[in-house]
Amino acid sequence: MKKIILLISIIFFITTNVNAAGSSSNDSSSTKTNYEKAVAHIKSAKKFEKKGKLEKAKKRYTKAQKLLIKSNEKKPGKADTLNYLGFTTRKLGDFENGEKYYLQGLAIDPKHKGINEYLGELYVATNRHNLAIERLGVLEGCNCEEYDQLKAVIAGEKSKY
């Protein structure tokens, strides 16, 4: 009788551990966050934009924006999220709110390369070159693509985004 109880206990212990191990693949660590999904949509939108498929790009930017809003509500205060919120909002033609997101992000991380570049591009698009040059000044010395890209946009080249 003791052997049967011991055997049942061992089987129960093993099956419980197997089930627990199997369930870990469904936890949140293997599921993409709203932020990660949004970044994927943005990358896709940029590709559509380069191919001239602007309507498809707009749909992707819209999806990304919705996911980023959710991400920002769940985990506020992330400069990267605010950067992409500003970017998608700007790409959808809402420069005023795009600027607000960028400025919120800069309040968290004043030297954020992406925000400084994209905000500078927004300033060029809205004919505020002096403010774009300020953003370039923040990026000066970073030896980064963002500096080069913003400098080119200020000089009159078309933004690659």
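Asn 143 lies in the loop between α7 and α8, where helices (H or I, at least four residues) and strands (E, at least two) are DSSP runs, numbered from the N terminus. The model is predicted, so local features need pLDDT of at least 70 and side-chain atom pairs count only at pLDDT 80 or more, while totals for chains, interfaces and linings use all residues. Residues are numbered from 1 along each chain as its sequence is written, and side-chain values use heavy atoms, with hydrogens and water left out.

Asn 143 is not a glycine, yet its phi is positive, at about 50 degrees. With a relative accessibility of 78%, Asn 143 counts as exposed; buried means under 20% relative accessible area, exposed over 50%, and partly exposed in between, with a 1.4 Å probe and protein chains only. Asn 127 sits in the loop between α6 and α7. The phi of Asn 127 is also positive, near 55 degrees, in a residue other than glycine. Asn 127 counts as exposed because its relative accessibility is 66%.

Read from the N terminus, the elements run α-α-α-α-α-α-α-α. The chain has 161 residues, of which 35% count as buried. Contact means heavy atoms within 4.5 Å. Among the contacts in the chain with a separation of 6 or more, 49% come from residues 24 or more positions apart.

Two packed helices are described by the angle between their axes and the distance between the axes. Axes are lines fitted to C-alpha atoms, for helices over the stretch in contact, and angles run from 0 to 180 degrees between N-to-C directions.

How do α6 and α7 pack? Their axes are 8 Å apart, at an angle of about 160 degrees. α6 and α7 are therefore roughly antiparallel to each other; angles under 35 degrees count as roughly parallel, over 145 as roughly antiparallel, 65 to 115 as roughly perpendicular and the rest as oblique. The crossing of these two helices, α6 and α7, is left-handed, a term used if the near helix is turned anticlockwise from the far one by less than a right angle, with right-handed used if clockwise. On the α6 side, the residues that meet α7 are Lys 113, Asn 116, Glu 117, Leu 119, Gly 120, Tyr 123 and Val 124. Their partners in α7 are His 129, Leu 131, Ala 132, Arg 135, Val 138 and Leu 139. By class, this contact of α6 with α7 has seven nonpolar, three polar and three charged residues. Here Ala, Val, Leu, Ile, Met, Phe, Trp, Tyr, Cys and Pro count as nonpolar, Asp, Glu, Lys and Arg as charged, and the others, Gly among them, as polar.

Helix α7 (residues 129-139) also packs with helix α8 (residues 145-154): their axes come within 9 Å and cross at roughly 160 degrees. α7 and α8 are therefore roughly antiparallel to each other, and α7 passes α8 in a left-handed crossing. His 129, Ala 132, Ile 133, Arg 135, Leu 136 and Leu 139 in α7 face contacts with Glu 146, Tyr 147, Leu 150, Lys 151 and Ile 154 in α8. The contact of α7 with α8 has seven nonpolar, one polar and three charged residues.

Aromatic rings give another view of the fold. The structure holds three aromatic pairs; rings of Phe, Tyr and Trp (its six-membered ring) pair if their centres lie within 6.5 Å, and planes under 30 degrees apart count as stacked, over 60 as edge-to-face and the rest as tilted. The ring centres of Tyr 35 and Tyr 84 are 6.2 Å apart and their planes are at 45 degrees, so this pair is tilted. It links distant parts of the chain, with Tyr 35 in helix α2 (residues 34-50) and Tyr 84 in helix α4 (residues 79-91), 49 residues apart. Tyr 35 is partly exposed, with a relative accessible area of 23%, whereas Tyr 84 counts as buried at 17% relative accessibility.

Phe 87 and Tyr 118 form another tilted pair, 4.6 Å centre to centre with 35 degrees between the planes. Phe 87 in helix α4 and Tyr 118 in helix α6 (residues 113-125) are 31 residues apart, and the pair links distant parts of the chain. Both Phe 87 and Tyr 118 are buried. Together with Tyr 61, they form one aromatic cluster.
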